[in-house]
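Subject: Structure handover

Hi,

Here is the structure I promised to pass on. Please load it and read the notes below alongside.

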Amino acid sequence: PVTIGGMSIAIVSTGTTLQPVLSLPAIAGADVDVLVNARTATVKVARGMILTPNGRKLSIADGEFKVPNLLQKPSPSQTHFRVDGPVAAAAELLTMGPLREASGAPLDPVTSRGTMSGLVTVGMLLSKQMGDTKANYSVNADFTNFAADHLIMSQRLDAAALHLQADNDGYQIKGDVKIGGSPATMDYRKRTGDAEAELRLQSVLDDAMRAHLGFNLGPGLSGPVPIRLTGHLGSNGRDGRFNVEADLTHASIDDLLPGWVKPAAKPARATFTMSTKATGTRVDDLSIDSSG
C-alpha cells in the first residue's frame, strides 16, 4: 500500500458528462472536483443536469461520491446529492431502469405537475463484480404545488406541500391535500414488494363532495360529515378496501334508513367497510350508533 502522503491526485473539470448508471440518463454540464490520496477518493459535483428521454430536466447540486478507505476490499462508498426540478421529470426518471422496480412509484409523468426538491443518499460496496451488490438508499423530498390526476380512488390529488420519505423498505407520502377538491390529511405508505399501499385519510365531506365521490344520498343526508378512512389501495390507485368511521353529529338525516330522522347537532356515528372498484363502491358491515 502507498504510504499516507505518498500520493495525491487532483482533477478539476467543467462541462463534464457523467454516466453513473448505464441504464439511466447521464449527468451533463457538470462541474467536477476529484481528489485521490493514498487512502481515500472523493468526487464532488457542484452542479449538473439530467435530461430525460422526453426532454424533461432535473438539476443536481452539492453532489459527493466518497470512498473513505481504498484499502478495504470491497470498498464501502457513500454518495449524496440534491435534486431539484419538475415533478414530471422525477416521475419519468422513476420509470426507468433499476429505479422502476425499486421505487414502485405511482406517479404518471404525463398527469403529474408541481416542483420537487430532495436529498438523496446512497451507500454501497464497490467491487469488480457489482452485479450482486445491494445499495442502501434514502430519499427526503418536498413537493410544492403538486397535482396528479386519478391518483387516489380515481380522483385528482392537489397539495400545496407534500413530504416524501423513501428507503429500501418502501416509501411514505404525507401532508394536507385535496382529493377531488375536498380538503383532507393524507398518509400514504407502500412497502417494497407489496402490491397494495396503505392509505390513511381524514376529511370532512359536504353534500357536493359526497356527490362527487359517488355517495350522493339525496335528501336523506345533508350537512358536513367528518370521516376517518384506513385501509389498502391497489397499484392502479382505484381498487381498495377500507375501514371508515363517520361522525354524523353535524348532519341532518331524513329517512336515510326507514323511519330514521335526526336533526343536526344530535350525536350519531357510523362505521363500515368500503370496497372500491371500477364497477362501483360496495359497503359492508354497516354499524350505526344514534339515539332516538
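First, a term: strands here are DSSP runs of E with at least two residues, numbered from the N terminus. Keep in mind that this is a predicted model.

Ala28 sits in strand S2, which spans residues 27-37. Ala28 has a relative accessible area of 28%, so it counts as partly exposed. Ala28 and Gly48 are 20 residues apart along the chain, yet their C-alpha atoms are separated by 5.6 Å.

Salt bridges come next. The structure holds ten of them. One joins Asp31 and Arg47, with the closest N and O atoms 2.9 Å apart. Asp31 is in strand S2 and Arg47 in strand S3 (residues 41-51), so this pair ties together parts 16 residues apart in sequence. Arg47 is partly exposed because its relative accessibility is 48%.

Lys44 and Glu64 form another salt bridge, at 4.0 Å from N to O. Lys44 belongs to strand S3 and Glu64 to strand S4 (residues 57-67), so the link spans 20 residues in sequence. Lys44 has a relative accessible area of 44% and is therefore partly exposed. Glu64 is partly exposed too, at 22% relative accessibility.

Arg56 pairs with Glu92, and their closest N and O atoms are 2.6 Å apart. Arg56 lies in the loop between S3 and S4, and Glu92 in helix H1 (residues 87-93), so the pair connects parts 36 residues apart in sequence. Which of the two counts as buried, and which as partly exposed? Arg56 is partly exposed, with a relative accessible area of 22%. Glu92 is buried, at 4% relative accessibility.

There is also a network of salt bridges. It links Arg113, Asp149, Arg156 and Asp158.

**A lysine without a salt bridge**

Lys190 lies in strand S10 (residues 182-191). Lys190 is buried but has no salt bridge. Asp194 is the nearest side chain of opposite charge, 7.0 Å away. The backbone of Asp194 does come in: its oxygen lies 2.5 Å from a polar atom of the Lys190 side chain. Please look at that spot.

**Pairing around S14**

Strand S13 (residues 225-233) runs antiparallel to S14, joined by seven bridges. Arg228 stands opposite Glu245 there. Strand S17 (residues 268-277) is also antiparallel to S14, with eight bridges. Thr273 in S17 is the bridge partner of Asn243.

**A three-strand sheet**

S12, S15 and S16 form an open sheet in the order S12-S15-S16, with antiparallel pairing. Its edge strands are S12 (221-222) and S16 (261-262), each pairing on one side only. Two bridges join S12 to S15 (residues 252-254). Ser222 stands opposite Ser252 in S15.

**Other points**

Val2, Met7, Ile9 and Ile11 form a nonpolar surface patch, with about 290 Å² of accessible area together. Met7 precedes strand S1 (8-18) and is partly exposed, at 30% relative accessibility.

Ala148 is in strand S7 (residues 136-152). Ala148 is buried, at 2% relative accessibility. The C-alpha atoms of Ala148 and Asp167 are separated by 23 Å, at 19 residues apart along the chain.

Best wishes

Definitions and conventions
Residues numbered from 1 in each chain as written. Predicted model: local features only at pLDDT ≥ 70, side-chain atom pairs only at ≥ 80, totals over all residues. Heavy atoms only, no water. Helix = DSSP H or I, 4+ residues; strand = E, 2+ residues; numbered from the N terminus. Buried < 20%, exposed > 50% of the residue type's maximum accessible area, 1.4 Å probe, protein only. Lys, Arg positive; Asp, Glu negative; His and termini not counted. Polar contact = N/O pair within 3.5 Å; in protein donor to acceptor, adjacent residues only side chain to side chain. Pairing = 2+ DSSP bridges. Patch = residues over 30% accessible without salt bridge, like charges linked within 9 Å, V, L, I, M, F, W, Y side chains within 5 Å. Areas by Shrake-Rupley, 256 points an atom, 1.4 Å probe, with all protein chains shown as cover.
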